[in-house]
Amino acid sequence: QVHMAESGGGSVQAGGSLRLSCQTSGDMASSECMAWFRQVPGKEREGVAGILNVDGATTYYDSGKGRFTIAQDTAKNTLYLQMKSLRPEDTAVYYCAASFHERCRISTRRREPPHSVDFQYWGQGTKVTVSS
């Protein structure tokens, strides 16, 4: 089992920055992909950013390109999402997720945002609120 715990969420003014962290179990290195998703009540969970463990290839949701950066520190078993130039539309609960299925490679290689159906393990989420 992979255990994951997000942190770093909070309230920030538009234009500000936040760095989310996801502490994972020791199985992080053996996963195929790691990713960040976000969800607003009444909306489907959407992929924000993903990273392929084998070589560090990344993919981003269109609205996050140029503003969000996903990175991982395997030594610390930690996944990060650095967010800058935040907008009110970024307000959501953010989740980290891990996939052990090769399906997640496809979207990552094609630089498409990650698909929630490809991920098996999820954190509890951390809320981000961006005010104008």
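Reader: Which residue does the disulfide join to C22?
Author: In general, a disulfide is a covalent bond between the sulfur atoms of two cysteines. Here the term is applied to a pair of cysteine sulfur atoms within 2.5 Å, and C22 is joined to C96 with an S to S distance of 2.1 Å. This link is right-handed, with 55° about the S-S bond. The pair ties together distant parts of the chain, since C22 belongs to strand β3 (residues 18–24) and C96 to strand β9 (residues 92–99), 74 residues apart.
Before we go on, please keep in mind that this is a predicted model, in which local features need pLDDT of at least 70 and side-chain atom pairs count only at pLDDT 80 or more, whereas totals for chains, interfaces and linings use all residues. Residues are numbered from 1 along each chain as its sequence is written, and side-chain values use heavy atoms, with hydrogens and water left out.

Reader: Does C22 count as buried or exposed?
Author: A residue is called buried under 20% relative accessible area, exposed over 50%, and partly exposed in between, using a 1.4 Å probe and protein chains only. C22 has 0% relative accessibility, so C22 counts as buried, and C96, also at 0% relative accessibility, counts as buried.

Reader: How many disulfides does the structure hold?
Author: The structure holds 2 disulfides, and the other one to look at joins C33 to C104, with an S to S distance of 2.0 Å. The torsion about the S-S bond of C33 and C104 is about 90°, so this disulfide is right-handed. It links distant parts of the chain: C33 is in strand β4 (residues 33–39) and C104 is in helix α1 (residues 103–109), 71 residues apart. Both C33 and C104 are buried. If you number the bonded cysteines in sequence order, the pairing reads 1-3, 2-4.

Reader: How many helices and strands are there in the protein chain?
Author: Helices (H or I, at least four residues) and strands (E, at least two) are DSSP runs, numbered from the N terminus. On that basis the protein chain has 1 helix and 11 strands, and the order along the sequence is β-β-β-β-β-β-β-β-β-α-β-β. The radius of gyration of the protein chain is 13 Å, close to the 14 Å that the globule rule gives for 132 residues, so the chain is as compact as a globular protein of that length. That radius is taken over C-alpha atoms, and the globule rule is 2.2 Å times the number of residues to the power 0.38. Along its principal axes, the C-alpha trace spans about 40 × 25 × 25 Å.

Reader: What share of the 132 residues is buried, and what share of the contacts comes from residues 24 or more positions apart?
Author: Buried residues make up 44% of the 132 residues in the protein chain. A contact means heavy atoms within 4.5 Å, and among contacts with a separation of 6 or more, residues 24 or more positions apart account for 63%.

Reader: Where is Q82 found, and which residues does Q82 touch?
Author: Q82 is found in strand β8 (residues 78–83), and with a relative accessible area of 33% Q82 is partly exposed. Leaving aside residues up to four places away in sequence, Q82 touches S17, L18, R19, R67, F68 and T69. The C-alpha atoms of F37 and A49, 12 residues apart along the chain, are separated by 7.1 Å.
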